Each structure stands twice: as structure tokens, then as C-alpha cells.
Number of protein chains: 2
Amino acid sequence: MQKYISSEDIVAMEKQTRVHFINSIGGFKSVTLVGTADSDGNTNLAVFSSLIHIGAHPPLMALIFRPSPPERNTLNNLLETGFYTINHINETIYKKAHQTSARYEKEVSEFVATGLTPIYKNDFQAPFVKESAVQIGLAFREKIDININNTIMVIGEIVQVHFPENCLSKDGFLDIEKANTITCSGLDSYHITKKLDRLSYAKPDKEITSIISDYFE
Amino acid sequence: MQKYISSEDIVAMEKQTRVHFINSIGGFKSVTLVGTADSDGNTNLAVFSSLIHIGAHPPLMALIFRPSPPERNTLNNLLETGFYTINHINETIYKKAHQTSARYEKEVSEFVATGLTPIYKNDFQAPFVKESAVQIGLAFREKIDININNTIMVIGEIVQVHFPENCLSKDGFLDIEKANTITCSGLDSYHITKKLDRLSYAKPDKEITSIISDYFE
């Protein structure tokens, strides 16, 4: 049976029910760990499911920040230093990744609290997560206030990418399923994936075909 | 072997290689069909992988629009009428969904070209996709220019949601895997999912436990 829910029904929901419902109806999401450090080198790690692709040239990604903690430490750190990392989550670390969403005191590093390992590479100012197969270093570029609900969009430019070489296809596609990256739904549901297909560039009046990825060895 | 790519390497990539690479490194994405009609009732349907959750109260979602067609028809229509739909993609229709990304002439409806079925419900002004299990009707709320690369973020408020009743958990979580919703990676890779777990709300010094979803019948 199909169920219909109206805007009045949504407003009438108990707060936590509405949060679960609205967070889960938008589809599967990127779920990653954002690593930062303040200017004294104190590290912070937070799970985000609001990552979005903004453009490839220049290579830009955005994150949405809500008005309340614990996301504030991440925001303060990346504005202070200008740098942050985005680290993919796999089946081995997703419980630790979820645990970073607990409201730890500012003095507590979520790296220490969860047992994930900070690692510094190539003189990049923010810590990567050693246990992540795909690690991205970003430089802060722009902060946009979303006034309608007091959220903030932060846009960063990709300046470093670390990934397993055998997951890169010769056409540029990085096979994140092969890298064991997982996805999430709603606030708390984690999922592995199984590839259906890669599809050819669509053109009018032309049949779509499968793309067989040709990986680097 | 881990591979390292710098910003200089990214700039030096051939354009289409860079587009594949940057689009795939951000993690799995929501992939949905956006349905619109112009004021004469001519329908349009386009696949988007840039959906993002903005907030639950009011219930808001955003989409990113690039400067070039074919996304322009969707943008023009939703600005003209104020309404649009977001429809989940499942294994049965993902090839048709991908085909909507072909650059059809403005007079051609992607519904007709791909064989997906427009359906109107509850006097909502934009067409839903009949073959989608989860259908969301939105009212346009805000357009934000992202000047750094000439993209546009469109924020809409959720005013209708249609979904299979047996996929709704009593805590508000909609089990989109149970509704056969799929996810995507990069420009052209489609994936089904397999749930690992739902995890309890994280608190400092408290062990995370599994949540067993209790569904409505």
C-alpha cells in the first residue's frame, strides 16, 4: 500500500520522528569523516552525510553545517587553518565513524575517543584517517550562509587525493565500491553496495550500453 | 599500492578524465529523477545526483544546477511554476533514468522519450514518476548563486511524500533499501545496497548498539 504524507502531517510529527523521516527520504548519501586540527594542533574528527559535488574544474566539494555542536569544532578549525580532510568510511570502521557524532568536550579528540588513527602526509595541515582507503585534502574556499534555516555551506577545493591505485579506471572513474567505501541512509543506517552497471554517455535516439572499467594495475 | 594525486595532477588531467575522477571521489550519492512541467503543461524529466538534505524543520532539500543544458529546462520550469518532484530510482528503471540525461530538444518530453510515466496526484502541479516507489513533491523556496564556479543551488520545501507504507519504521526512518532505491557513484555507475546495520544515537563513553527497525504493517 502506498502511503501519502502532507506538509501538515510533517509539521505534526514528533520532532525526532520528523528528523528520522526527512533525513531518510532523500536517498542514499555520501558518508565520510572530516578531519581537522586547530592552530595548536589539537585534532577533531566528525562524521558528515552532507557532502556534495560542486564542480570538477576547479575541483570543488561542499559540506552543510547545522547551527549546533558538535559540528562547530570542525567548522572553527577549518576556518582557522584553511584546511580539512575528507576520508571514506568502510565496513571495518563505520561504528567508530558513527561514534564521532557523540558530543565530546572540545578538549577530547574524536581520534583518541574512537581509536581511529590521525596521519599527516605531504605537509598537509589537517589529519587524514589512516584506516580510510580514500583520503582527500581540501583547502577552504567559500562559506555561504543559508538563511532559510541558519545552516552554512562550506566549499573547499581538492588539493590532495590518496586512494588504492587498483581502483582507478583509465577513464578517470574511481571505483569506490572496489575501495570498500560504504553509503548511509538517514541518521544511522549504513549500507555496503553491489554494482549494477556503468552506463555509457546518453544521447537521444541511441541505445545505452555498459561500460567495462579498465583499471590500472 | 596507494596512489597520490595533487592539485597539479588534477589540473593536468584531460577534461573528461577529470570530470569522471572528481565526480567519483566524493562517495556514493543520491540519484533521483526531477519532474517538472512548464506553465503550458509540457513535462520534463531529468536525473540528478546532487540532492542534499538541508533541514527537517522546515523540511528542506537542495539540488545543484550546472550552467549548461539539459538541466536548464528543469530549472526554468520549477522557477516558472514554483513546483517540482523528486522520484527515487530502482533497478527496474535506472537505464531509463540515465537516458534522461541525453540532450533532447526542449519540445521533447523525457517521459515520452524514455517511456517513464508521468502521474499527477493531489492537485500537485508537477508530474511524479509512476514507476518510482518514493515520490516527493516540493515547493521552490530559495535560489543561491555559487559564484566560485557559476553553479546554482535550489532549495525546496517538501510538501508531499508518497512511499510504500511497509517501508516506514515507527521511529520515522523510511527504509529506502526496502523500497528498492538504488545509489550511484560518479557520472554513470549504479549500485544496489545491502544494509549493514542501524546504529544507536552516539554518546560519549557509551557503547553503540544496533537498532532493529519496527515497521508499520
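Predicted model: local features only at pLDDT ≥ 70, side-chain atom pairs only at ≥ 80, totals over all residues.
Let me begin with the contact between the chains, to which chain A brings 96 residues and chain B brings 96 residues. On the side of chain A that touches chain B, the element that gives the most is strand β13, residues 189–198 of chain A, with 10 residues. If we sort that side of chain A by class, we find 47 nonpolar, 32 polar and 17 charged residues.

That strand leads us to the sheet, where 6 strands are arranged in the order β2(A)-β12(A)-β13(A)-β13(B)-β12(B)-β2(B), forming an open sheet with antiparallel pairing. At the edges stand β2 (29–30) of chain A and β2 (29–30) of chain B, and because each has a single partner strand, one side of each is left without a neighbour in the sheet.

Where the chains meet, β13(A) and β13(B) are antiparallel partners over 9 bridges, with A:I192 standing opposite B:K194. Continuing into chain B, β12(B) and β13(B) run antiparallel and are joined by 3 bridges, and B:C184 is set opposite B:Y190. These two strands make a hairpin with 3 residues between them, in which B:G186 takes a positive phi near 65 degrees.

Let me turn now to the helices. In helix α2 of chain B, which covers residues 15–24, the buried residues are B:V19, B:H20, B:F21, B:I22, B:N23 and B:S24. What covers these buried residues of α2(B)? The cover includes β5 (52–56), β6 (59–65) and β11 (151–164) of chain A, together with β12 (183–185) of chain B.

In chain A, helix α2, again residues 15–24, contains A:R18. Why does A:R18 count as partly exposed? The reason is that A:R18 has 18 C-beta neighbours inside 10 Å, whereas a residue is called buried from 20 or more. Leaving aside residues up to four places away in sequence, A:R18 touches A:I10 and A:M13 in chain A, and B:A56, B:H57 and B:G172 in chain B.

Definitions and conventions: Residues numbered from 1 in each chain as written. Chains lettered and ligands numbered in written order. Buried ≥ 20, exposed ≤ 12 C-beta atoms within 10 Å, placed from the backbone. Helix = DSSP H or I, 4+ residues; strand = E, 2+ residues; numbered from the N terminus. Contact = placed C-beta atoms within 7 Å. Pairing = 2+ DSSP bridges. Nonpolar A, V, L, I, M, F, W, Y, C, P; charged D, E, K, R; others polar.
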